[in-house]
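Here is a short report on how two chains pack, within and against each other. Keep the structure open while reading.

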Amino acid sequence: MRSRGFVLVGLLATILLAGGFGYWASDSPDGLNRVAMDKGFNAHERAPVTSNSPMAGYESTAVEDPWLSSAVAGVTGAAICFAFAGVAAFAIRRKRGDLASTGPPPADQPRDLHRDGPR
Amino acid sequence: MHVPDGFLDAPTSMAAGAVAIVGIGCCLAGSRRELTERSAPLAGLVAAFVFAAQMLNFPVASGTSGHLLGGALAAILIGPWTGAICVTVVLIVQSLLFADGGLTALGVNVTLMAFVTSAVGYGGFRLMLTMLPRTLHSVPIAAFVGAFISVPMAALGFVGFYAVGGTTHLPIGNVAVAVVGIHVLIGFGEAVITGLTVGSVIAVRPDLVYGARRLIPAPALQVRSVEPRSS
């Protein structure tokens, strides 16, 4: 499988997970929240300041249908994460590339044929 | 295990925020050595996949659920420094857009779910690889073990933060047993998902798994002779 094909298949699987199955995820409280409730260390818990954001709680306010609402929020979130992390990695990588290719190699070092190619 | 606002006091949350900022700086520096030309889209894919998998809460005990944290998975797939960055991206997006995990607790969540899970998960993975046969079949098994220990260790990290700056004052031993105990169960789910995912990638493109790069046999040197042209 080629690299581009691999990324496409991976993204398809991601969309399927976030869009297709998110709605059927367990609604029970997460382990930490459950223990906090049982033991009582959630006494001073505050509602998140972002709780009225359009996709709070992985449900899009733009869509009525509960399954579609979860799917829209999930796919949107996954797309944002893909773009955010991809751009960050590209920027980090490019910075290194720039450093590596400033000017010709010093004369006393053998030329890297793999990078420079035959003259 | 997203920590909401109000579990920990302000000084502790701010200290964790400082740890997260310094840690992200270290990760950015470290990830330069891990990233190659083709890994920028892979980093995006890892972040998107971890986000999607984190949505899928699985039941662990009566009335309790857990979900993948993904630090171990990301670290094994793309390298520990870059993996921690990917999970940090997920946590920031979740906190800002999905109201999952408190804004003031973002530093705590990044420290526990990005740094601790990536470091412990990858460390455990590498340790297991040294004990297993040097074949690609060992990689998903080592990933299973690394992922499994990463979750209770992150939970132990939360107990540490709680001991320093919890907003309630409960006996720390009770909190530790309860929090770590439930996360041993969640760790089992983490291990299954991580092992299956790493195994799937190993099956199609083992060269794309950062943690397996030393196990891929170099192609044998071939000696080819050219028949002299008969004219």
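## A helix pair across the chains

Helix α2 of chain A (residues 31-39) packs against helix α7 of chain B (residues 172-204) at an angle of about 150 degrees, and the two axes lie 9 Å apart. Angles over 145 degrees count as roughly antiparallel, so α2(A) is roughly antiparallel to α7(B). Their crossing is right-handed. The model is a predicted one.

Which residues make this contact? From α2(A) come Gly31(A), Leu32(A), Val35(A) and Lys39(A). From α7(B) come Asn174(B), Ala178(B), Val179(B), Ile182(B), His183(B) and Ile186(B). Sorted by class, the contact of α2(A) with α7(B) holds six nonpolar residues, three polar ones and one charged.

## The whole interface

Now widen the view to the two chains. Chain A puts 59 residues in contact with 66 residues of chain B. About 5300 Å² is buried between chain A and chain B. Carbon and sulfur atoms give 72% of that area. On the chain A side, Leu32(A), Phe41(A) and Tyr58(A) lose the most area to chain B. Together these three account for 15% of what that side buries. Leu32(A) is also one of the residues of α2(A) that touch α7(B).

## Salt bridges

How many salt bridges link chain A and chain B? The count between them is zero. Over all chains, a search of the whole structure finds two.

One salt bridge joins the side chains of Arg34(A) and Asp38(A), at 3.5 Å from N to O. Both residues sit in α2(A). They are four residues apart, about one turn of the helix. This is the helix that packs against α7(B).

## Chain B: layout

Chain B contains seven helices and two strands. Along the sequence the order is α-α-β-β-α-α-α-α-α. Its C-alpha atoms fill a box of roughly 95 × 35 × 25 Å along the principal axes.

## Chain B: α3 with α2

Two packed helices are described by the angle between their axes and the distance between the axes. Take α2(B), residues 39-55, and α3(B), residues 71-78. Their axes come within 10 Å and cross at roughly 165 degrees. The two helices are therefore roughly antiparallel to each other. The crossing of α2(B) past α3(B) is right-handed.

On the α2(B) side, Ser39(B), Leu42(B), Ala43(B), Val46(B) and Phe49(B) make the contact. They meet Leu73(B), Ala74(B), Leu77(B) and Ile78(B) of α3(B). This contact of α2(B) with α3(B) has eight nonpolar residues, one polar and no charged.

## Chain B: α3 with α5

α3(B) also packs with α5(B), residues 106-131. Here the angle is about 60 degrees and the axes are 7 Å apart. Are these helices oblique or roughly parallel? α3(B) and α5(B) are oblique to each other. Their crossing is right-handed.

The residues of α3(B) in this contact are Gly71(B), Ala72(B), Ala75(B) and Ile76(B). Facing them in α5(B) are Met113(B), Thr117(B), Ser118(B), Gly121(B), Tyr122(B) and Phe125(B). By class, the contact of α3(B) with α5(B) divides into six nonpolar, four polar and no charged residues.

Methods: Residues numbered from 1 in each chain as written. Chains lettered and ligands numbered in written order. Predicted model: local features only at pLDDT ≥ 70, side-chain atom pairs only at ≥ 80, totals over all residues. Heavy atoms only, no water. Axes fitted to C-alpha atoms, helices over the stretch in contact; angles between N-to-C directions. Parallel < 35°, antiparallel > 145°, perpendicular 65-115°, else oblique. Left-handed = near helix turned anticlockwise from the far one by under 90°. Contact = heavy atoms within 4.5 Å. Nonpolar A, V, L, I, M, F, W, Y, C, P; charged D, E, K, R; others polar. Buried area = accessible area lost by both parts, 1.4 Å probe. Salt bridge = Lys/Arg side-chain N within 4 Å of Asp/Glu carboxyl O.
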